[in-house]
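The sequence and structure come first.

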Amino acid sequence: MLNDFLGFRILCNTLEDVYQIAEIVKSNKRFTLIKEQDFNKKPKETGYRALHLDLEYERYWEDDEKVKVPIELQIKTHLQHAWSEITHDESYKPTNDSLNNEWEQKYSKHMADLLDQLDSMAKTIRDQRVKFIPPPKELDSDKLINQNTLSYKINELRKDQLTQQEMSLCITRLKELNFENLLEVNELLTDEQIEDSIKKYKEELKDNSNVKTFEILFYGSLLKKSNREKFEKELSHDYGFVEERCEDCGSKLTKEDYDFILNNTDGTDFYCKDHRRIHYDRTCLKCGKLTKREYCINCEAELDKF
């Protein structure tokens, strides 16, 4: 039986990445896991380390026949790959002819063990970088706002992090609104009324999730500077809503609701998805659009000409 029709190798920065990528692959519906060999937990006698996945990949040929292609996937760190390149180790062989004497085997295994320790150090560096943000040298009320000081303040007050894009947007917004120092940012991030206002408005937009740090800085800063109108306009727009409201329930219309009214009805009144069918309960006899009468407003106007 053919074990692997295709072979692939994925190289990662840390051992943590190895297992995260393996989970992503195994969760894909196209792949069926046949066998998993973890040579990180139980290295070979040579010192070889890696994670091997024997998989079947499901796909269709041109005649729509479903086939399963056997694949071997090796997932390893850059250091593990470097060891294989240096020792010319072939993971699928039970023995390695190049390691033909005892001292060479010993040195090769010792090298693998040292590199494994370096992989552990790489993971430690990654963990430290992600979990801890070094405080700036100064942290007083007149400290200017920048990426380092804002990151530290967010981590201190909310144990949270922003993406690079979110950080850039927030810094730009704070500068536009004349937030001059970290003391003002501190007041914004700890203002429960601001957070409560954002949550209530999100609920109006049918989002019951908790308020994120990004939302407090980007949208809440508008409330802090007494710009409620712009706050509502920006947040509703980013959530896919338009200015018009349903004439029955008063809720904001989504872009989908708005486009439906414009494209499928005579466009005289605006209703949300739950109420539009109640009012637009007829079809225009001439153009086929939904209306409240036998002919839509546009077609009635044309009929009046004759």
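## K202 and E215

In this predicted model, the side chains of K202 and E215 form a salt bridge, with an N to O distance of 3.1 Å. K202 belongs to helix α7 (residues 192–204) and E215 to helix α8 (residues 213–218), so the bridge ties together parts that are 13 residues apart in sequence. Both K202 and E215 are buried.

## K225 and E184

A salt bridge also links the side chains of K225 and E184, at 3.5 Å from N to O. K225 sits in the loop between α9 (220–224) and α10 (228–238), while E184 is part of helix α6 (residues 182–189); the pair therefore ties together parts that are 41 residues apart in sequence.

## A pair within helix α10

K230 and E234 meet through their side chains in a salt bridge of 3.9 Å, N to O. The two residues are four apart in helix α10, so about one helical turn separates K230 from E234.

Are these two residues buried or partly exposed? K230, at 35% relative accessibility, counts as partly exposed. E234 has a relative accessible area of 18% and is buried, because the buried class covers values under 20%.

## Network and total

R49, K109, D113 and D116 are linked in a network of salt bridges. The structure holds 20 salt bridges.

## The β5–β6 hairpin

Strand β5 (residues 241–245) and strand β6 (residues 252–254) run antiparallel and are joined by two bridges. The two strands form a hairpin, with six residues between β5 and β6. In the turn, G250 has a positive phi of about 80°.

Which residue of β6 is the bridge partner of R245? The partner is K252, a residue of strand β6.

## Surroundings of K252

K252 counts as buried, at 10% relative accessibility. Leaving aside neighbours within four places in sequence, K252 is in contact with F241, V242, E243, E244 and R245, and also with Y201, L205 and S236.

Definitions and conventions:
Residues are numbered from 1 along each chain as its sequence is written. This is a predicted model: local features need pLDDT of at least 70, side-chain atom pairs count only at pLDDT 80 or more; totals for chains, interfaces and linings use all residues. Side-chain values use heavy atoms; hydrogens and water are left out. A salt bridge is a side-chain nitrogen of Lys or Arg within 4 Å of a carboxyl oxygen of Asp or Glu. Buried means under 20% relative accessible area, exposed over 50%, partly exposed in between (1.4 Å probe, protein chains only). Two strands pair if DSSP finds at least two bridges between them. Contact means heavy atoms within 4.5 Å.
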